[in-house]
Amino acid sequence: GKGTRTQVEKLPSGAKAAAGAAASTSMGWLFALIGSSVGGAIGAGVWSAISYHLNAEVGYVAVGVGFLAGVGAALGARQHTGLLSGLIASVVAIASIFGGKFMAAKFVSEDFAQEIRQTSQGAVENIDGLWMDEQEALYELINDDSLRQERSGAQLRWPVGQSWETAYELEHFPQSIVQKHQSAWDAMDDAQRRATVDGLVRENMIQAYADEMAYEREAAGQTLAWPAGMNYEDSWLIEDYPSDIVAEATARWDGMTREEQAKQFYGDSELLADFIESDAGVAITMVAREGISGIFFSLIWIVLAVGTAFGIGTTGVPDGK
């Protein structure tokens, strides 16, 4: 019939204080990560918007990304700022910079996909019109001419940081080649431009068929008669493919009526646009190519951004005193 009593044994005052301090420090690191992530996300958004709308990367904006990541870490950690909060801010700054690059590249790839759709839709709606606009036609002409000249041993003067592998805008190519094709295009009449565009579309579609056939036959174990020095991975021009496959692909395209060609061109363009939009690898490739071509420029601003993030994340925001 006796009542029961629970004995609560209290921690010594020193141990209690130590436990409280450890918990507070852990929470400080967590809040540093949260704050830095918020700041980095804001910075990444600004970075991607500026890069996309200006079609260029403004280096000092990367330092701003680092600043925001550092401020977020400092505000989150509060009195627990130190080496760990600085490291957190540095890692978040790097992730935010490349995240911003990826978002900008994704915007560009989506615009490109939309342009492809508009062009292919125009082919269906106006089968007697131009199936490429001026910029698209010039890009095709300049891109192929640049590769052919490089293969022939010509010494081309590429803009700083650019090469055939990284060029995807007209200003990325040697200006002598750009000016040559721009002048030739301007001198054409409507009939000549249509004939030029038709030739480009025909070559592209034949190459697409040849590429598909080569892939399927190699996957089936067939041995193909590639031109000297060529293989599936290195084939970028129509002359790079086995002649028998090119002949078969040519017969396939030329055997269609213009209406059938327009529908085929539209269908293949839609598939390409869908792929560009849905595959993150396209944007990642754009970021990687840009990073390789301008690695020195990128490293300078990344180092400055990381240094800014680490400094503020470690010591806190200066109070102006």
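**Stop 1: salt bridges**

The count of salt bridges here comes to 8, where a salt bridge is a side-chain nitrogen of Lys or Arg within 4 Å of a carboxyl oxygen of Asp or Glu. Side chains of opposite charge can pair when their charged atoms come close.

Before you click further, know that this is a predicted model, in which local features need pLDDT of at least 70, side-chain atom pairs count only at pLDDT 80 or more, and totals for chains, interfaces and linings use all residues. Residues are numbered from 1 along each chain as its sequence is written, and side-chain values use heavy atoms, with hydrogens and water left out.

Select E203 and R148. They form a salt bridge, with their closest N and O atoms 3.5 Å apart. E203 lies in helix α6 (residues 190-219) and R148 in helix α4 (residues 134-151), so this pair ties together parts that are 55 residues apart in sequence. (Helices, H or I of at least four residues, and strands, E of at least two, are DSSP runs numbered from the N terminus.) R148 counts as partly exposed because its relative accessibility is 32%; the cut-offs are under 20% relative accessible area for buried, over 50% for exposed, and in between for partly exposed, with a 1.4 Å probe and protein chains only.

Now select D240 and R151. Their side chains meet in a salt bridge, 2.6 Å from N to O. This pair links distant parts of the chain, 89 residues apart: D240 sits in the loop between α6 and α7 (243-254), and R151 sits in helix α4. Which of these two partners is buried, and which is partly exposed? D240 is the buried one, at 3% relative accessibility, while R151 is partly exposed, with a relative accessible area of 38%.

Next, pick E248 and R217. Here the closest N and O atoms of the salt bridge are 2.7 Å apart. E248 is in helix α7 and R217 in helix α6, so you're looking at a link between distant parts of the chain, 31 residues apart. E248 is partly exposed, with a relative accessible area of 39%.

**Stop 2: zoom out**

Switch to a cartoon view of the protein chain. What does its secondary structure come to? You'll find 10 helices and 0 strands. Of its 321 residues, 37% count as buried. Contact means heavy atoms within 4.5 Å. Among contacts between residues at least 6 apart in sequence, 76% join residues at least 24 apart.

The chain exposes about 18,200 Å², and carbon and sulfur atoms supply 60% of that. Accessible areas come from the Shrake-Rupley method with a 1.4 Å probe, and for residues only the protein chains shown count as cover.

**Stop 3**

Keep the surface on and select M27, L30, F31, L33, I34, V38, I42, V46, F67 and L68. Together they make a nonpolar surface patch of about 840 Å². The elements giving two or more residues to this patch are α1 (13-54) and α2 (59-77), and α1 gives the most, with 8 residues. Click on M27, which is found in helix α1; M27 is partly exposed, with a relative accessible area of 40%.

Patches are made of residues with over 30% relative accessible area and no salt bridge; like charges are joined within 9 Å, and nonpolar side chains (Val, Leu, Ile, Met, Phe, Trp, Tyr) within 5 Å.

For the other patch, select E110, D111, E115, D133, E134 and D186. These gather in a patch of negative charge on the surface. Asp and Glu count as negative and Lys and Arg as positive, with His and the chain ends not counted. The place of a charge is taken as NZ of Lys, CZ of Arg, CG of Asp or CD of Glu. Which helix supplies the largest share of the negative patch? Helix α3 (residues 83-125) does, with 3 residues. D186 is found in helix α5 (residues 175-186) and counts as partly exposed at 47% relative accessibility.

**Stop 4: two last residues**

Select Q261, found in helix α8 (residues 258-278). Is Q261 buried or exposed? Q261 counts as buried, at 11% relative accessibility. Leaving aside neighbours within four places in sequence, Q261 is in contact with W131, W253, D254 and M256.

Finish at L141 in helix α4. Leaving aside neighbours within four places in sequence, L141 is in contact with H181, T196 and L200. Draw a line from L141 to V197: they are 56 residues apart in sequence and 9.7 Å apart in space, C-alpha to C-alpha.
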